Structure formats: C-alpha cells, structure tokens
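Trainee: Could you show me how to read a protein structure, starting from the whole and ending with single residues?

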Amino acid sequence: MTEIAVIGMAGRLPGADTLDEFWHNLLGGRDGISRTPAADLRGLVPDDLLDDPRWVGASGRLSRAFDFDAAFFRMSPKEALITDPQHRLLLSVVHDALEDACVVPERTAGTIGVFTGVGRNRHEELVRGVLAANGEAVDELALEVGNDKDHSATKVAYRLGLCGPAITVQSACSTGLVALHQAGQSLGGYECDVAVVAAATMRLPDQFGYLYLAGGIGSPDGYCRPFSTRASGTVSGDGVVSVVLKRLDDARADGDRIYAVVRGSAVNNDGAKSGYAMVSAEAQERVIRDALLFAEVDAEQIGAVEAHGSGTPLGDAVEWAALSAVYGGQRPAFVGSVKSSIGHVREVSGLAGFVRMVRSVHHGRIPPTLHVGTPAQAVGRGSGLQLARVARDWADTDLRRGAISSFGLGGTNVHVIVEQPPLPADRETDGAAPSLVLVSASSAAAADRTATAWRAAVTAGRMSPAEAADVSQFGRRQRRYRRFGIGHDGAELAAELDDGTGHTHDAVPASEVCFVFPGVGDHYPGMCGGLAELLPGFADLVERYLSVCSDHAGRDLRGILRAPAAGARRTGAAVDLRRLVDGRRTQDPALTDPVAVHAALFSVQLALARSLRAIGVQPAAVTGHSLGELAAAASANMFSDDDALRIVVARAALVAAQPEGVMLAVSLPRTQAEELTGPGVWLAAVNSPRSCVLAGERPAVMAVADRLDQQGMPGRLLPARHAFHTPMLDDAGRQLAELLADIPIAAPDVAMIANLTGTWSTDEIRLPGYWHRQLTAPVLFSDALRTAAERCGVLLEIGPGQLRTLVAQARAELGGTAVVATVRREYQNDSDAAVLLRALGRLWQTGTEPDWQALRPGRPPKRVSAPPTATDDRSVYIAEGWTLVAPAGSMVAAPVAPAGPPTAAQRPATATADEDPDELRTVLAGLWREILGVADLGPAADFFELGGDSMMSVRLLAGIERTVGVRVPATVAFEASSLEGMAKHVGAWRDGNTAR
C-alpha cells in the first residue's frame, strides 16, 4: 500500500465558484441548485416546453461557465471557440489546483501525470452549424482535437507542460473517482511523482431545466433527496473539480500542505445483470471490501461515508444494503450524499463527493444531507449506519477516516478510503525580518486583481507574510506582468500590495544588469549590518575581508562596521529629515581613518557583489566610481580577492600619506565647472550632466566655494581629506603602479566600463599605469552611466551611494533605465533587509530571476493555499446559429444576437500573381483572421504569439496556396512569423517562381 497525499484542490460546482465556497455551502445547508420560474425562462427555453406542466425549471448551473482566457493558455480566439467548454474548464481548474498545491511544472522534480474525464454534449455539432452558417470551411482535425473526449487529458498536458502519463478515463458517473483511483495506482507504481485528477461536465446546448418523465431519472419537483421516503430522482448539473496528489512520504519531505491522505481504493464492475442500467448490491459490497483490504483499514475504523446517493428509490435501497453489510457494525458511521446539495453532476459527481469527504476529515465536521424529511424505510436497517441530516462534529477518535463511493451507469463501481492528514508543522509567524511577496499575471489588470486577492488573504490571516512569500516565490509560475510587496506583518504587506508600491512592470524581455559600485562618501557606521541573516555568506565574507585588510594594515580595521548603525526608525516617513539635512553627525573615529573607511567600504561592496552572484543575480557589466572601480574590477575577477584587499589597503595608506586637500561638489555642467579650474583647483569628477566635483588645495578650492556662494550657487564640501583624482595624488599613484607591477591582473570576466574614458574598457585597464592615472585624472562617471544604459536596462548600486540622484539628473540621456539600490542610505527609515528585498523585487520585475532557495539554504518553503493567478476571461459561447466572444460574465440569462457573416475584411481574399506586397499582406491577414479568429492585426502581429500552432500552420500553407496560386514551402512562409515578415518572404518566393 502506498499512501497518497491530497496536496491541492480547485473546482467550480453549482452555487459555488470555489471549493471554499462549496464547503461553506455544505456546512450551512445551502442548496446549489438553480430553480427558475418558467416565466423567467422565455427566450432561453422553447415555449412548447415551458407550457408543458411537466417542465421543471431546476438545474445545477455554473456561473461564468463559458468564461475563458485563451491567451493565458496559448490558444487563439478561434481555437478557444471551437474547443468544448468542458476542456476549457479542465484547463482553468487544473491550473488553479496546481497553484493551490504550489506545483510549478517546469520547476518540479520528477514527472506530473494527468487523469481526466469529461461528459457528453453537442458542442461539436453546434460548432459545425455555426461554421456552415458563416460559410467557413470545417477543419475535421481541429474539431476532433477541440471536442473529442480522447483529447481532454493530453490537451491539459500539452497546454500546462505536464510530462507524465496523460490518460482520459471514462466510466460515466464514476469517471472522476475512477480517474483518482488510476492516479493513485500510477503514483504507487512510480509512473509519475505528482498526479493531477480532474473531471468536467457541461451540458450543451445550455440547460435551464428539464421535462419530467415518469420512470425517468429526473426529479418531479427539482429536488434531489437521497435516502428519503420522497426520493424520486435527481437534478442534473454541471461542474468541474481537480485534485493534485503526491506520495505521502514525498509530500511530507517536500513540506507540502496536506488536505487528507488516500489510504487505498478499489474498482470493479457489476458484470452481467438484468439490465445495463441496473445496480448490484453484491458488486458494491465487493468493491467496498476490496478498498478496505487494500487500505489495510477495518470497517469499524470508518466514521463517515460519502455515498453515491442517486436519490432514486431502487438505487438508494441497493446502496444502503451494501453499506450496511460492510459498515453496519456497532460503531456509528454517518452517511451522506453531496447530490442533495448540488444534484447529479455526472462525471464529476465522484470527485465532488471526494472533496466533501476530504474537507470533512480535514476540518472535523460532517455536513448535512439535505431534503431528506423522513428517511427511507431501508435506512433504519443496519445498526451502525446513521444518515447525517444535520452538520455535526466527528466523534472523538484517534484518527478521522472516511470513505467515498461512486457508481457509473453500466456498473463501474469505485470506493476510496481517506483519513485526516498528519499534524501540520507549526505555522510560520511574522518575525523581525520583512517578507517579499511576488505577484505576477499575464496582463497588468490581472496582476492588479491578483494582488487584491492576496491582500485580502493576508489581511484575513489566511496566510502570514512569510507563507505568502514562500508561495509566491516557489509555488507560482512567474508571468509577464509583475508587482511585489514588502511587509513585516500582514497589515504592512497588505498596504504595499494595495497602493502598488512595487508597481506593475512588464518583465519581457528580461533586462540586463550592470553592477555599479559607488565611491567613498556615503558610508556610515554599521552599514549593511542588517544583511547578515538575510544574505547567506555575506557576513562571513565581510568578516574575512576585513580580517585580511587588518593584517595588511597592522591594526584592527573593523570598527566602522562593528559600530551601531544610526538605525532605521519605522516612523511611517520614508526618511529621517534631520539626518538628511544635517548630514553625518557622528564623530566616530573610524570615519576619519581613510584606511579603515576604504577597507570597510570595499569589503562590503565585494562581499555584496559575491553574495548577489551566488543567489543568481549575474551582471552583464560592471563599473564603479573611484574606489568603486577597484571593487568593480575585483568583482569581475581581475584580481584575486586577497590581492584586491592588499591593493585597497596600500592605496588608502599611500593616499593618507599625501598632502591634504579638499573636494567640492557643485551643481554645474562640465563646461561651467571647468571654467572654475585654475592653479590649485582641478576637475575631479563629472557625475551627471549637472553635477561635478572640483578638488585641490584647500585655499584655492575654498575661494571657488565662496565665489559660488556669492552667486547663489553654493557647493557642498565632501567628507574627504585628500584631493582625489587630481595631480596632488601623483606620488601615491606612481607608488601604486609599482605595487601592481608585481600582481597578476586578469581580463575582467564581464564587460567593464572605465572611469578614465566613460566607455568600455580595453586591455589598458590591465596595465599598472591605468590605476596610476585613475587616482590623478577625472572620473567620467556620467559618461560611464550613459554607456552602461546603452546595454543594460538596470543599474544595480552595490553599496551605499547616490546613484538614484545622479541618474535622475541624467534622465534625458538614460531614458527608462531602472536604478535599484541594494543598501539603504544613512537617513532612510527602512531596514537593511527591506531595502535589499526591495532590490530583489525590482530585479525580478525587470526579468532577473534570483535563486530564491539560495536565500534560505536548508529550509524548504512553506506551502499553503493562496489565491490563484487572475486571468482575463472572456465569455466564449457558441449556440445554435450564433456565437459570442464578449466581456467575462456576459452570459447571464439572456440570449445574444446572432453574429452576422464575416465582413469582407475578415474573409480570405483572392490573390493574383501580380499583387504588390501591401495586397499580399491583406490576403495573409484575411487567412490569419479565418484561422486564428483574431480581428485586429498590425504588421508586427506574430502568428505563434496569437495562438498559432503546427496544425494551424498546415491550414495556413494550404490557404496561401489556394489564394496566392503558388505552393509556398513552410521554411519560406515561416522564415518570419510576423505578418509583415511573412508577406515579404511569401511575396519573394511567389515572384521568383511565377517569373519562371
């Protein structure tokens, strides 16, 4: 026996859009059947039926049954319209069940199998009628794939990327539960590692009631009363349910949330009997005993049974007899049937009952069976069986175990044994560190709706921020439109998801990242101290680097990082205005020691860069400002770490030995700043189009500062005791070059942008003389940022700095380049962890995928239920003589006007050999509209992005030959998949062949 865990569920059933709603309806005794007076059905049901006194306006209907997001599943509108709504429901609900299980197919180790079944309806016939009415050709293969039962499972596997066995199961009313049995067998035999089970039934043409016929299966009054003296038939309904299964040992090892455990199951058939529709108590008893035997469970251990409960006198009596024979012992066992609440949902009924029992053993509540009144005479027989007519708690036993039966027309019987799940691990509580929650969808509007649903979930406490972060990072496919939120607790996270702090961003195509390393000037005591627990390995690297630096310096250089940080105060304000205006107020001696400052900042930057690369954030380029360029070079592996640390300490010591100077930041463009240079004053840096730094001898620079102040353009003295990037450091630069002559300098392993030129580095950067001039010549940082932005869509600041300010000043040149800080500024009222998580969120938004598991080594992610990803549904409806593709929810209870025949622009045109390219593009556009069902087509429209596939490609090639008059090879037609490109290549082929 292999125990199977139920790790995910989703579904839509009469009266319930979700399984949570379904469960609440069951416990509350709410009936999901729609009962509509005949007067309200005029126009939906033929008048001759409504006028018949036998008409019963009862039906188990689904809301939004025809709503579907074709693009979400890579389907064209035309293909979606041709596809049986049952298949569409399967796709939507299987997707939601996988999300509920936190299973992402492309990230799942092992294979995922799918076992499905669907009902019978007239959808294919309706499609044929509409195509004929519109004068469209019938594609037999497309109709078969879109509607035949054979393709329900394989279509799900194809659209969702499931590579295990894909099996369609059909056994009439027991289809869903037989599919679950087959999935359990497949898991037990290691044919797959995860199994998806699903069934869907949708009656077409759309049903709003039925004509009661004496002796038929339909109830005369629209109520289904299992095991009642008034049981006289059922009410048909529509529905779809999917569950996700995994071997219990695997589920526990993976940290899955487990709804219940399937102990075992069995399937048999009645065999020969007096009639095909008859039932057999002996066969039912046999399948129950076989299931108990396989599950290694005694009948006395079963506390509740979800019966097939057809609501017919004969069926109920036979079933009760079989149940009594097995479960009629001394221990009370409660019997119920989901059909009393939702009617008979045919192929889905077994799975609906399964969900009812799974929720029951999970929550410890037994829902009532409705509309019973006086129990049937047979119900009193069997001392241990009781009909559950009111909601009740399970008996106080060691383990809650229940059973489910489902019997198919024709005699295929199935019985399943389930038990309550193992005790779950303690829920993760909100801690000191914030959580990063990622939300994505296939459109910006859908991302917003998804964020709204997640906000409601964390606000209601259905998941903690830590749980939400785990589900979003590990249990969801990362889609194109992205937003995120950061929160220490539910309220903070909900507020961020509400106000769109993360904004919704289109992540396709992914943006390349440039690591940008700031120079000295924005360091502060205790910087990055809050990253120790968040970023694996970071603290160890910083400690090691500073230890090496201390050895080289001959004294402990770790004071600046050991000092307490100024602290982020969670006051609700983004910044501490006093610290922002006053600047650095601390008199920490470490801040005045240039060797300590250089060593600390360099160690933090290099450790941060190494740690980010270790979690999957890889730069396409690097650059840096002053000391930051040396950090960039080290991060690009031009030096070994030990050599780089030796160079940093020596460089700082050499600078400290030079005559002191002063540096002045001025808000001027380069040309005006250069006019201020002269004896003792040099241009030291060009940071942006309107921000430069002058440096030199103190009297000369201060004279310039006084002059600017008198002109109303005050400058800002920088906390530097030396005139970096001026000839005043020539001696230090010369000695540094001498040191570098004995150190190996490799070529950077990523593209690097040089300070001296502001352009891509050449082999010159490997020469010691470059680093001499790097200390004495201006830093062309503005040019470097412009060069980086030409290639990279993201500038990632590694360490504390002013990159966002500088880029904002150069916005006209840098365009939409994203600027992302990884370290908080001293005056920011935010934690180190929150700033870095926000940086990772922004990177994720732009298409970079960090390795989230690397951020939590050794800790498996929590898996809990979270709202599914929202889709952009449209009502896709086809009926006799008309079709509808309209906003979601359009089909309420009213018909729509017939769609007229296609317009001239929508019909394929007839082409001739001497057409010009524009005319040929019009011809192809007509063919695309016919095949894909897309109305608006621009020149850049892409055949495959609009849902085209290989079968449609064959139709397109045939259409081109028919309309253009030349057989065009597929390699020519699809050399480009855009409309304009295809027209170009087809036209060239046509002209070359017709000319001969």
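What follows is a conversation that goes from the overall picture to helices, strands and cores.

Trainee: What does the secondary structure of the protein come to, and what does the C-alpha trace span along its principal axes?

Mentor: Please keep in mind that this is a predicted model. The secondary structure comes to 34 helices and 32 strands, and the C-alpha trace spans about 115 × 85 × 50 Å along its principal axes. Of the 996 residues in the protein, 57% are buried, while the accessible surface comes to about 38,500 Å², with 52% of that surface belonging to carbon and sulfur atoms.

Trainee: How should I read a helix, and which residues of H32 are buried?

Mentor: The general idea is that an α-helix has 3.6 residues a turn, so residues three or four places apart point the same way. Helix H32, residues 950-964, has 15 residues and reaches 21 Å from its first C-alpha to its last, which is close to the 21 Å expected. Its buried residues are Met952, Ser953, Leu956, Leu957, Gly959, Ile960, Thr963 and Val964. These residues lie on the same side of H32 because they cover an arc of only 165° around the axis. On the face turned away from that buried side, H32 carries the exposed residues Ser950, Val954 and Arg962. Just after H32 comes glycine 965, which takes a positive phi of about 90°.

Trainee: Where do the side chains of a strand point, and which way do those of S24 point?

Mentor: In a regular strand the side chains alternate between the two faces of the sheet. In S24, Val662, Leu664 and Val666 point one way, whereas Met663 and Ala665 point the other way, and all are buried. S24 pairs in the antiparallel sense with strand S26, residues 691-696, over five bridges, and leucine 664 has leucine 694 as its bridge partner there. S24 also pairs in the antiparallel sense with strand S27, residues 716-717, over two bridges, where the bridge partner of leucine 664 is leucine 717.

Trainee: What is the order of the strands in the open sheet of five strands, and which are its edge strands?

Mentor: The order is S28-S23-S22-S29-S30, with parallel pairing. The edge strands are S28 (751-752) and S30 (818-821), each of which pairs on one side only. Strand S23, residues 621-624, pairs with S28 in the parallel sense over two bridges, and alanine 621 stands opposite alanine 751 in S28.

Trainee: How many residues has the largest nonpolar core, and which helix gives the most to this core?

Mentor: In soluble globular proteins, nonpolar side chains tend to be buried together. Here the largest nonpolar core has 116 residues, and those with the most contacts inside it are Phe515, Phe602, Leu612, Phe639 and Leu840. Helix H20, residues 594-614, gives the most to this core, with twelve residues. Apart from this core lies another, of 52 residues, among them Ile7, Phe66, Ala157 and Val261. If you look at phenylalanine 639 and leave out residues up to four places away in sequence, the residues it touches include Leu630, Ile647, Pro744 and Trp771.

Trainee: Is arginine 359 buried or exposed?

Mentor: Arginine 359, whose place is in helix H13, counts as buried because its relative accessible area is 6%, and the cut-off for buried is under 20%. Leaving aside neighbours within four places in sequence, arginine 359 is in contact with Met9, Leu19, Asp20, Trp23, Tyr259 and Gly364.

Definitions and conventions:
Residues numbered from 1 in each chain as written. Predicted model: local features only at pLDDT ≥ 70, side-chain atom pairs only at ≥ 80, totals over all residues. Heavy atoms only, no water. Helix = DSSP H or I, 4+ residues; strand = E, 2+ residues; numbered from the N terminus. Expected span 1.5 Å × (residues − 1). Buried < 20%, exposed > 50% of the residue type's maximum accessible area, 1.4 Å probe, protein only. Arc of directions from axis to C-beta. Core = buried A, V, L, I, M, F, W, Y, C linked by side-chain atoms within 4.5 Å. Contact = heavy atoms within 4.5 Å. Areas by Shrake-Rupley, 256 points an atom, 1.4 Å probe, with all protein chains shown as cover. Pairing = 2+ DSSP bridges.
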